[in-house]
2 protein chains.
Amino acid sequence: MSDPSRPPGPTSYFDVRTLDSLEPRKRDLVRRRIDALGPAYRLFYRDPLEFVRGSGTRLWTADGAEYLDGYNNVPSVGHAHPRVAAAIAEQAATLSTHTRYLDARLVDYAEDLLSTMPDGLGHVMLTCTGSEANDLALRLAKSATGGTGVVVTRNAYHGVSTEIASISPSLVGLAGLPSWVRVVPVPDVRQVDDPASFGEWFAAHVQGAIDDLAAAGIRFAALVADSVFASDGVFPDPAGFLAPVREVVARNGGLYVADEVQPGFGRLGETMWGFERHGAPGAPFVPDLVTLGKPMGNGYPVAATVMRPGVAERFGQGMRYFNTFGGNSVAVAAAQATLDVLRDEDLQGNALRVGSRFRGQLDDLRADHPRIGEVRGAGLFLALELRTLDDEPDEALCLDVVNGLERHRILVGTTNVGNDALKIRPPLCFSDADADRFVEGLDAVLTELGA
Amino acid sequence: MSDPSRPPGPTSYFDVRTLDSLEPRKRDLVRRRIDALGPAYRLFYRDPLEFVRGSGTRLWTADGAEYLDGYNNVPSVGHAHPRVAAAIAEQAATLSTHTRYLDARLVDYAEDLLSTMPDGLGHVMLTCTGSEANDLALRLAKSATGGTGVVVTRNAYHGVSTEIASISPSLVGLAGLPSWVRVVPVPDVRQVDDPASFGEWFAAHVQGAIDDLAAAGIRFAALVADSVFASDGVFPDPAGFLAPVREVVARNGGLYVADEVQPGFGRLGETMWGFERHGAPGAPFVPDLVTLGKPMGNGYPVAATVMRPGVAERFGQGMRYFNTFGGNSVAVAAAQATLDVLRDEDLQGNALRVGSRFRGQLDDLRADHPRIGEVRGAGLFLALELRTLDDEPDEALCLDVVNGLERHRILVGTTNVGNDALKIRPPLCFSDADADRFVEGLDAVLTELGA
């Protein structure tokens with residue numbers, strides 16, 4: 001059974017000790033689920049949800065209740081998008097095979113994807129999950145540099161496998177990090193007095209981490225950075241602040257791995273890729289490696305590692321690479337359809353337009369609800385902090401808001417190291433009307449909570 | 001470009017130095033592929049194949065040539081099986097979401113899958129790939145035992161991620177193994193005089209490896225064993241030989257991880273799971289962990305780690321587990337349809353019947369072709385060794401046979417440490433007529449090669 005050792009405190013997850021309070025059908029299903037899946041799985045919400053159908057930004061439960069999805073970034077072009085579903089259906093009924101045979105559509109897709117990247121990023125390798133993409137990026141970085149040292153941010157999440165959990169302090173805790181990993185602070189511009197100095201401040205921390213590795217006799221291999229720092233608390237701004245970091249990484253002989261699993265594929269609105277925000281006219285930001293995942297196939301398990309060609313040279317000489325399902329025919333069909341829809345429906349543009357207005361609306365709510373703290377983000381990746389009356393981070397309020405929004409049939413997540421901010425990250429077809437509904441719901445919940 | 005450092009010797013892969021000899025359209029596609037995917041990918045065959053359609057045991061190329069598939073084990077219930085394709089199509093058009101919401105079909109599938117396992121295996125966790133399943137099994141084993149030492153066979157392959165490549169000597173070589181891995185010999189019964197002593201002989205090697213770990217101060221965590229030893233050369237027999245190994249593992253406080261990614265889901269004919277061959281009446285063989293992958297969704301990326309409930313206890317207390325795509329709604333639909341077809345079409349029974357007859361036919365070919373060595377295997381997982389006139393392993397002949405069969409439009413792979421055996425591992429709907437065609441083709445190729 002689940003985790004009786006954990007303290008009872010506030011949570012946005014289901015607590016197994018409340019099992020008997022669920023209605024009978026749900027109680028039986030949850031009990032069977034715990035019996036079959038074991039103790040390591042969690043369910044969202046104090047009263048877990050069972051969805052049976054989705055479309056666009058909407059999800060429906062078994063008993064017909066309609067929810068607005070402000071949380072799920074995987075079905076990025078919309079739940080059960082008909083074009084993606086049709087591409088998957090057609091290919092699954094025709095052929096699903098692997099990369100050791102020729103497949104013109106795999107090559108077409110690889111070229112299409114690379115055409116969205118800046119010059120200098122020339123190869124793409126296909127995996128099934130973001131974890132596998134980050135794992136491959138680290139293997140390539142270690143092979144290319146001969147180093148093993150990795151630098152990540154304080155509350156980074158890069159994936160769930162052994163190697164990648166090792167560089168994910170949000171999952172394993174600082175105490176769980178291996179000797180070859182160093183952390184730098186959450187890149188929160190409020191930590192410096194002058195925002196113009198923030199990039200240098202953050203770069204100095206990265207240099208310090210590299211020096212600390214060197215002092216321990218560990219050669220620097222890579223900085224791995226989520227371009228929107230999603231689990232650290234969503235920090236896309238100020239645009240450009242990563243440019244000095246990029247230089248520090250190169251100067252120290254390491255590789256810059258841009259983890260675009262969450263920010264990529266247009267979510268940040270202004271740019272297709274999150275790292276692009278940190279370039280300047282005439283000085284594009286070009287990582288050594290870029291990793292892609294979640295939204296790439298709108299739910300089909302497909303992910304990728306993109307790289308400067310030189311990075312793969314040594315690896316390719318010593319090692320064949322084969323991933324059974326990575327780049328299979330159906331994965332390619334799903335990814336191509338998703339990319340086509342993203343462009344044809346201008347969802348990046350939608351993320352920019354709707355996201356900007358939405359962010360303004362959330363900011364305006366503060367006039368009536370002073371316990372709303374900072375609202376930040378880019379495009380349709382937003383964070384909204386919640387504060388106590390004394391202006392301290394308020395995790396309990398944040399989790400009450402998450403569960404309160406659920407009662408208003410709106411889905412949302414949490415972020416920040418202290419779990420005190422809403423993480424708003426809907427499908428990219430989120431409309432102005434969806435944003436209005438979200439804002440009205442949040443207004444109502446905060447009023448109900450007296451906040 | 002590809003690997004110019006590798007010696008020119010015989011190969012069943014495409015050699016990039018022969019690029020200009022391909023017909024123009026294929027040459028251009030291969031060149032674009034190398035440009036886009038980089039140097040680490042390989043293509044099967046001296047003249048690579050491009051398939052555009054599949055059905056049952058058949059694949060068709062772009063120019064209409066029909067191939068018999070004697071190689072691909074992922075589309076286990078048949079290429080593009082209509083029931084699996086329909087289940088994927090329906091679910092993809094309805095909803096694809098994750099395990100943090102309730103999903104009755106996920107629970108139904110988990111229970112159904114567990115019902116095929118022996119008593120004592122009570123939980124299943126869903127991942128996307130066999131590599132992820134083995135990674136999770138190792139994390140669970142290390143967490144449950146407090147140890148880190150792992151024992152594998154001489155030419156094992158368990159997956160492609162950093163952690164799992166580390167326990168895959170067939171991928172990284174013996175020199176590439178980390179300090180916490182020990183290897184035991186390929187379990188080839190020909191290494192002992194008395195087959196009845198083989199289990200004890202192999203168990204003694206496992207004990208020796210555990211002792212060697214202990215002497216280095218490394219606590220034993222797990223033996224990881226492919227139940228058919230596919231990359232070692234296909235060694236299912238003598239049935240029962242793993243029972244003493246199971247005991248040695250338990251006696252030393254480690255866990256037995258049965259890697260069923262290749263042998264599982266009925267392929268070996270007599271049993272649903274490869275490890276079951278090694279039980280006896282009244283003494284079933286029960287691993288601590290079982291990993292599943294390739295055929296589980298007939299090509300859809302879905303995999304799993306099954307376990308004794310106690311194994312997950314400590315892990316579940318300290319760690320939440322979430323895999324974005326693992327156990328998503330479409331993966332569950334694909335896996336359930338695959339399991340239903342496997343049963344409804346009695347493909348395990350087909351593997352037993354067709355595989356037994358097929359193996360006899362291959363054995364009989366030796367009368368006309370004395371360079372055929374041992375033919376072994378179970379169900380539809382067979383190996384056929386090729387030998388020189390002096391009865392030595394003959395890799396060159398084996399690779400010529402692979403390419404010769406391709407000219408006869410039959411697909412097959414290779415195995416054994418020395419790459420001198422055909423690996424025959426077709427979709428489980430392989431028929432007697434398919435076997436006849438394979439045997440006729442092999443007869444013809446060996447005749448052409450004067451072997």
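Tutor: A nonpolar core is a set of buried Ala, Val, Leu, Ile, Met, Phe, Trp, Tyr and Cys residues joined through C-beta atoms within 7 Å. Buried means that 20 or more other C-beta atoms, placed from the backbone, lie within 10 Å of the residue's own; exposed means 12 or fewer, and partly exposed lies in between. This is a predicted model, in which local features need pLDDT of at least 70 and side-chain atom pairs count only at pLDDT 80 or more, while totals for chains, interfaces and linings use all residues. Residues are numbered from 1 along each chain as its sequence is written, and chains are lettered from A and ligands numbered from 1 in the order in which they are written.

Student: Which residues touch the most other members of the largest nonpolar core?

Tutor: In soluble globular proteins, nonpolar side chains tend to be buried together. The largest nonpolar core here has 295 residues. Those touching the most other members are I88(A), V206(A), A334(A), I88(B), V206(B) and A334(B).

Student: With which residues is V206(A) in contact, leaving aside neighbours within four places in sequence?

Tutor: Two residues are in contact if their C-beta atoms, placed from the backbone, lie within 7 Å. By that rule, the partners of V206(A) beyond four places in sequence are V151(A), V184(A), L223(A), V245(A), V248(A) and V249(A).

Student: Is L102(B) buried or exposed?

Tutor: L102(B) is placed in the loop between helix 2 (82–92) and helix 3 (104–115) of chain B; helices (H or I, at least four residues) and strands (E, at least two) are DSSP runs, numbered from the N terminus. Beyond four places in sequence, its contacts include L29(A), V30(A) and L43(A). Because 22 other C-beta atoms lie within 10 Å, L102(B) is buried.

Student: Where do the buried residues of helix 13 of chain A lie?

Tutor: The buried residues of helix 13 of chain A are D434(A), A435(A), F438(A), G441(A), L442(A), V445(A) and L446(A). Seen down the helix axis, they fall within an arc of 130 degrees (taken over the directions from the axis to the C-beta atoms), so they line one face of the helix.

Student: Which residues are exposed on the other side of helix 13 of chain A?

Tutor: The buried residues of helix 13 of chain A have a cover that includes strand 3 (66–69), helix 11 (347–365), helix 12 (395–407) and strand 13 (410–411) of chain A. On the other side, the exposed residues are A433(A) and T447(A).

Student: Which element gives the largest share of the side of domain 1 of chain A that touches domain 2 of chain A?

Tutor: An automatic or database domain assignment sets the domain bounds: chain A has domain 1 (49–77 + 347–448) and domain 2 (82–344). Contacts join 24 residues of domain 1 of chain A to 28 residues of domain 2 of chain A. The largest share of that side of domain 1, five residues, comes from helix 11 of chain A.
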